[in-house]
Amino acid sequence: MRRLRAAALSEVELAMDIINQAKAHLRAQGIDQWQTGYPDRDCLERDVRTGKGYFLEEDGIPLGYLCVDFDGEPAYEALEGEWLTDGPYVVVHRMAVADGECGKGVAAEFLRHAEEMARERGIGAFRIDTNHDNRPMLRLLERMGFTFCGKVVYRSGERLAFEKRL
């Protein structure tokens, strides 16, 4: 059975391994996302220290890593477009699926867990962004009912931003 669990500080290296696998997978597909050093070990350590880093695992084996954040994303304040909602939201960053697990529903399950966490906190919105050329993620967001809201700009470049009412 699969379960979502908080990552421990002693598992930052494991999270980084999964992130590096995802970086290589993106690069092999010609997707430019995560090819400039981000996310790095310091980023993942910060996720874990603040209680935002999670693994999805099955029978004790990690299938992927992600950051679930309820503190907002500063870049979203400068959205070139319009969000569907105002007020609190959950945002997922650094979602990475381990090698051999792509196409097995891990990413969709990650998003469903984040939705459930938000609902438990009484939060009615879910925001997320991705690279313009990350077609697998764009298809997933469409299937999961997210609406394109505009563009956000990070130091590493522009991202497409989406929101879903919960």
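This is a predicted model: local features need pLDDT of at least 70, side-chain atom pairs count only at pLDDT 80 or more; totals for chains, interfaces and linings use all residues.
Phe162, by contrast, is buried, its relative accessible area being 9%.

Two numbers describe a pair of aromatic rings: the distance of the centres and the angle of the planes. Five aromatic pairs are counted in the model. One of them joins Phe126 and Phe146, whose ring centres are 4.9 Å apart; the planes stand at 80°, so this pair is edge-to-face. Phe126 belongs to strand β6 (residues 125–130), while Phe146 sits in the loop between α4 (135–143) and β7 (147–154), so the pair ties together parts that are 20 residues apart in sequence. Phe126 and Phe146 are both buried.

Phe148 and Phe162 also pair edge-to-face, because their planes meet at 65°, with the ring centres 5.6 Å apart; the angle needed for that label is over 60 degrees. Here strand β7 supplies Phe148 and strand β8 (residues 157–165) supplies Phe162, so parts that are 14 residues apart in sequence are tied together.

Other aromatic residues come together as a group: Tyr76, Trp83 and Tyr89 form one aromatic cluster. Arg121 is placed over the face of Phe70, at 3.9 Å from the ring centre.

Attention now turns to the largest pocket. Its volume is about 1200 Å³, and 47 residues line it. Nearest the centre of this pocket lie Gln33, Trp34, His93, Arg94 and Met95. Several elements give two or more residues to the lining, namely α1 (12–28), α2 (41–49), β3 (61–69), β5 (90–97), α3, β6 and α4. Of these, β5 gives the most, with six residues. By residue type, the lining of the largest pocket divides into 20 nonpolar, 13 polar and 14 charged residues.

A last stop is His113, a residue of helix α3 (residues 106–120). His113 has a relative accessible area of 19%, and the limit for buried is under 20%, so His113 counts as buried. Once its neighbours within four places in sequence are set aside, His113 is in contact with Leu4 and Leu56.

Note on methods
Residues are numbered from 1 along each chain as its sequence is written. Side-chain values use heavy atoms; hydrogens and water are left out. Helices (H or I, at least four residues) and strands (E, at least two) are DSSP runs, numbered from the N terminus. Buried means under 20% relative accessible area, exposed over 50%, partly exposed in between (1.4 Å probe, protein chains only). Contact means heavy atoms within 4.5 Å. Rings of Phe, Tyr and Trp (its six-membered ring) pair if their centres lie within 6.5 Å; planes under 30 degrees apart count as stacked, over 60 as edge-to-face and the rest as tilted. A charge sits over a ring if NZ of Lys or CZ of Arg is within 6 Å of the ring centre and within 35 degrees of the ring normal. On a 1 Å grid over the protein atoms alone, a cavity is a set of points where a 1.4 Å probe fits but cannot get out, and a pocket is an open set with protein on both sides within 12 Å along at least five of seven lines; lining residues have an atom within 4 Å of a point. Grid points are joined across faces, edges and corners, and a volume is the space filled by probe spheres set on the points. Ala, Val, Leu, Ile, Met, Phe, Trp, Tyr, Cys and Pro count as nonpolar, Asp, Glu, Lys and Arg as charged, and the others, Gly among them, as polar.
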